[in-house]
Amino acid sequence: MSLCKGQSSQQLRFRGERVLWLQPASLDQLLELKTQYPNAKMVVGNTEVGIEMKFKNLLYPVILAPGYIPELNTIQHTDEGIVFGASCSLTLLGDVLKAAVGKLPPYQTEVFNAVLEQLRWFAGLQIRNVAAIGGNIMTASPISDLNPVFMASGCKLTLMSKGGERVVVMDEKFFPGYRKTILTPEEVLLCVLIPYTKKGQYFAAYKQSPRREDDISIVTSGMSVTFAEGSTIVKHLALSYGGMAATTVMAKNTASRLLGKQWGEELLQDACSSLAEEMTLHPSAPGGMVTYRRTLTLSLFYKFYLTVQQKLVSEGAYIEGVRADYISATEIYHQTSPSSVQIFQAVPDGQKEEDVVGRPMMHLSALKQATGEAVYCDDIPLYENELYLCLITSTKAHATIQSIDTAEAESMPGVVTCVFAKDVPGSNMTGPIVYDETVLADATVTCVGHIIGAVVADTQAHAQRAAKAVRITYQELQPVIITIQDAITHQSFFQPVRTIQRGDLDQGFTQADHILEGEMHMGGQEHFYLETNVTVAVPKGEDGEMELFVSTQSATKTQSLVAKALGVPASRVVIRVKRMGGGFGGKESRSTTLSTMVAVAAQKLKRPVRCMLDRDEDMLVTGGRHPFYGRYKVGFMKSGKVVALEVTYYSNAGNSMDLSLSIMERALFHMENSYSIATIRGRGYVCKTHLPSNTAFRGFGGPQGMLIAESWMSDVALSLGLPAEQVRRLNMYIQGERTPYSQILDHITLDRCWDQCLEISSFTQRRAGIETYNRDHRWTKRGLSVVPTKFGISFTAAFLNQAGALAHIYTDGSVLLTHGGTEMGQGLNTKMVQVASRTLGIPSSKIHITETSTNTVPNTSPTAASASSDLNGAAVHNACEILLHRLEPYKTKNPKGCWEDWVTAAYFDRVNLSANGFYKTPDLGYDFETNTGRPFNYFSYGVACSEVEIDCLTGSHKNIHTSIVIDVGNSLNPALDIGQVEGGFMQGVGLYTLEELKYSPEGYLFTRGPGMYKIPAFGDIPTDLTVSLLRDAPNDKAIFSSKAIGEPPLFLAASVFFAIKDAIIAARKESGLSGPFRLDSPATPERIRNACEDRFTKLCPPAEPGTFTPWAVVV
Ligand SMILES: Cc1cc2nc3c(=O)[nH]c(=O)nc-3n(C[C@H](O)[C@H](O)[C@H](O)COP(=O)(O)OP(=O)(O)OC[C@H]3O[C@@H](n4cnc5c(N)ncnc54)[C@H](O)[C@@H]3O)c2cc1C
């Protein structure tokens, strides 16, 4: 009611360009307005309507906002239960129920507790603070989390119109169809009665979602049972499910079949076979995961069954107790408070105070970024006359464009022009290495999301609205190749097919005691940088000059592709990059599609043009990490020693080559991960498909190549029945061995990382603890895994291993530094300041970096391949040494003087106080034809050990522990390096356990935002996390003995994947299953549950592949 205080009784009325917003002050006014505008949309929290208007393109011309009407905010305690006004927020609902649970006898509050349990996992606090109880009911979503509880508990709803009120019980009739309720257009929902439970009644609710926190349900349910007095005979049963049909449904047949039965094993069997029959789904059902969803209906009932059994026993009922190891099925998840340890080596005694190298210096922009003062591209103030651009993209995966009709769009408010291929003044062909893409599609589109054109208007809203009004007709073409399997069928590959081979494979396999074959698919990943792609292009008005502010990792590539499209020399185009809000490889090449397009529009109109993509647009057009499919044949000895390996990789490159060949090459360079294998052949096929072009992503093929390596390693151990860690250790490289591409491994630290990781993680005790745990728990299992990584550092294209820097000393002694790398949050600028500070011998506070720009340091390599600190650090060092050399005479002349004195003296002596630095990595280059040369400057090593717990019935897992030991040489900055380890590791956890891109068989991306695409949340961070930087491991191949850090830690998250697999192995053992089995990545709850085969999964067998069209395909 507090919200209503002070509200005037006056109705408020706002009229916008397209919408009339009415805020009635009283219930009468609301009902009057609902009569006047029966089709008006009610809006309280706007968490549903807002989404519909933004993403489903729905328009509600009249909106009624009843948020402040007292009757809709009232809370009343009655004899039957608690009545909540429909506008009460979910936070308020939770608070009131919590208070009631504290006061009332437990038997009365079973439903309240169930609502509270659902609210615990309902969205996030921000949403719960505004979202209303009525909004959840009236949205009528089939995956609402509260409706199954309300339905199973028989909540009463009061509906009101000007003509009067009626009270209805919320049952299956309340939702007559998808997103429909029985309310008439003139009616509103006034309030909801949530009933008390009675003696002998038990209630529970369950929610299963891809991610535990802040996610929508896959299956959700409310379950209620009432027993005949003093017995365990079922008198009333209500089972309600969300996620199993177009509406929330009740399992009525099952409920009536169980009436009069005793709560026991026979009832359980009946319930399960009946639910399996009743809760069916068509194999093509929207949302997919059909087998999993069906199994969940049984699994959740089983949890309810055991929970009730436990309560009955505790209340003295005369039935069999729950087996001790089965209690694990009833435990409710609670997060334990997290802890973390970070271990690094202090700088040596005697290092000067002002020498910041090796110290955990804070990221120079950290405070600005935390307060919001840091300036990103879209924070640049608007230029006068500036316009906004919105992309027009293809809705077909493979088609010719037959017609484009812009008449309606061009007549819309604010629209200035449309831009298409004919408007590209230079070349319409583009691409980072080969020009096999169009800036704007001319005749053919080759993926959903292919950029066809753009609308330019005065504002973003006008541009976006008009873009939706452009009508395009297509002639669809065949074949439509979406998945890797489609590409294999159609032999659709980019050339060349790469091979790395060492030794005679036939001979290798002949030597082996055993040979096994297997396969694995690994899904792609969306970069999900916080800042989406953005460009501001400003034509300078003469000589074809243009300045672009771009969020990109590749200033030079952006410059050359813009110049190519505009038909001007590169010297006329300046690219400026202050910082990015994350890149992760996604802004290495794909950012150029937007920047080139915006430049073309700016050139056409001779006006500044801006575009920052919305998240859904960004996810649609830019592509991500390559999905991989690997087939392997591995020969090994009884001891577990692998002697021969043949592996074939297929990557889904999408519709253009982009960087896919280099990514495949890196996958092949990492096909043996950290293991020495005498005879080996890896072959890589880059599949050409009708998806948006996939691209660089932290690890660049390494995480795919190595995961498949660990899969055959795990299969070897499983088939021999040996501990996986023993087999891994046995095969690990030792000093002086050669990789399959003939590079000698010197200064190898794998063994040290491994031993320390086992020690820090207390591996042996942990393993023993897990064995005991697994003996005592049937329905939750723990797993443990330790996984090494060896990551090659350098661009494998040798020419990219160069960098430049430019340093100016001003007469006040301040230093302006520029280098070829870009700052994307990783702390590169901070490290460069540290390098310059040590080299010049001045405090870091005297050194400043403003931006990266093509007119200060030209011909830069992308900030990628983890090599930017190595390359740019050496270039900065070089520039600073040149300056230092020039200042040397003045230091000698005035040894007691300070920096400013020497600078002033040099200036008056007419010394150049500006210097270029340059660096190229020596002795690099590899030839695939001859399998000779050195692709990498050195290797980064690391080892991680992870422990997880899975819920065998739902497939959820929790990350209990991770220890990481990683070799970063002499860390330039341990704070930044540990940040990179933790961040990279968590991004890997997302990759291997959570993140799933879902495409329709026609190539349409369903997962276009945080609602459907889940990156790790706080709760996914291992509860107990230790990161240790290996001590005393200087690296003589990089600046100040440091090592690269950006990419290597990501793969260490594979330890979580294989810990999950280890836990699944324990679960399968309970069902008598042993030996290798296929687990694809990511290890989602669906995959985990399906792999934990048991009596429930047997009742829900998957449909025969090929007999139906799935909702989503594995690409
Ligand atoms: C990030 C995010 C996370 C979410 N997570 C979850 C989740 O975990 N579980 C879940 O179930 N849902 C979730 N939702 C969906 C949504 O938040 C809930 O359904 C919420 O309860 C809607 O309430 P609201 O007040 O915001 O509704 P609004 O958007 O304001 O309205 C929703 C609908 O209810 C109608 N309506 C509202 N009040 C009345 C009334 N008194 N009489 C008649 N009709 C009325 C409106 O006309 C509209 O059709 C999530 C949404 C978002 C954006």
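Where in the chain does Thr739 lie? Thr739 is placed in the loop that runs between α21 (724-731) and α22 (750-760). The model discussed in this report is predicted.

## Overall architecture

The chain contains 30 helices and 42 strands. Its radius of gyration is 32 Å, close to the 32 Å given by the globule rule for 1115 residues, so the chain is as compact as a globular protein of that length. The C-alpha trace spans about 100 × 75 × 65 Å along its principal axes.

Of the 1115 residues in the chain, 61% are buried. When contacts between residues at least 6 apart in sequence are considered, 77% of them join residues at least 24 apart.

## Two buried residues

Thr739, in the loop between α21 and α22, has a relative accessibility of 0% and therefore counts as buried. Leaving aside residues up to four places away in sequence, Thr739 touches Arg502, Glu672, Tyr733, Leu745, Lys790 and Phe939.

Asn136 belongs to helix α6 (residues 133-139). Its relative accessibility is 14%; because the limit for a buried residue is under 20%, Asn136 counts as buried. With residues up to four places away in sequence again left out, Asn136 touches Phe122, Ser144, Asp145, Leu146 and Asn147.

## Helices α3 and α4

Helix α3 (residues 90-103) and helix α4 (residues 110-120) have axes that come within 9 Å and cross at roughly 140°. The two helices, α3 and α4, are therefore oblique to each other, and their crossing is left-handed.

On the α3 side, the contact is made by Leu90, Leu93, Gly94, Leu97, Lys98, Ala100 and Val101. The α4 side contributes Phe112, Asn113, Val115, Leu116 and Leu119. By class, the residues of this contact of α3 with α4 are nine nonpolar, two polar and one charged.

## Helices α9 and α10

The packing angle between helix α9 (residues 265-278) and helix α10 (residues 290-314) is about 160°, and their axes are 9 Å apart. This angle makes α9 roughly antiparallel to α10. The crossing of α9 with α10 is right-handed.

From α9, the contact draws on Glu265, Leu267, Leu268, Ala271, Cys272, Leu275 and Ala276. Their counterparts in α10 are Arg294, Thr297, Leu298, Phe301, Tyr302 and Tyr305. The contact of α9 with α10 comprises ten nonpolar, one polar and two charged residues.

## Helices α24 and α25

How do the axes of helix α24 and helix α25 cross, and within what distance do they come? The axes of α24 (residues 828-840) and α25 (residues 868-893) come within 9 Å and cross at roughly 30°. This makes α24 roughly parallel to α25, and the crossing of the two is right-handed.

In α24, the residues that meet α25 are Leu828, Lys831, Met832, Val835, Ala836, Thr839 and Leu840. In α25, the residues that meet α24 are Ser868, Ser869, Asn872, Gly873, Val876, His877, Cys880, Glu881, Leu883 and Leu884. Divided by class, the contact of α24 with α25 has nine nonpolar, six polar and two charged residues.

Note on methods. Residues are numbered from 1 along each chain as its sequence is written. This is a predicted model: local features need pLDDT of at least 70, side-chain atom pairs count only at pLDDT 80 or more; totals for chains, interfaces and linings use all residues. Side-chain values use heavy atoms; hydrogens and water are left out. Axes are lines fitted to C-alpha atoms, for helices over the stretch in contact, and angles run from 0 to 180 degrees between N-to-C directions. Helices (H or I, at least four residues) and strands (E, at least two) are DSSP runs, numbered from the N terminus. Angles under 35 degrees count as roughly parallel, over 145 as roughly antiparallel, 65 to 115 as roughly perpendicular and the rest as oblique. A crossing is left-handed if the near helix is turned anticlockwise from the far one by less than a right angle, and right-handed if clockwise. Contact means heavy atoms within 4.5 Å. Ala, Val, Leu, Ile, Met, Phe, Trp, Tyr, Cys and Pro count as nonpolar, Asp, Glu, Lys and Arg as charged, and the others, Gly among them, as polar. The radius of gyration is taken over C-alpha atoms; the globule rule is 2.2 Å times the number of residues to the power 0.38. Buried means under 20% relative accessible area, exposed over 50%, partly exposed in between (1.4 Å probe, protein chains only).
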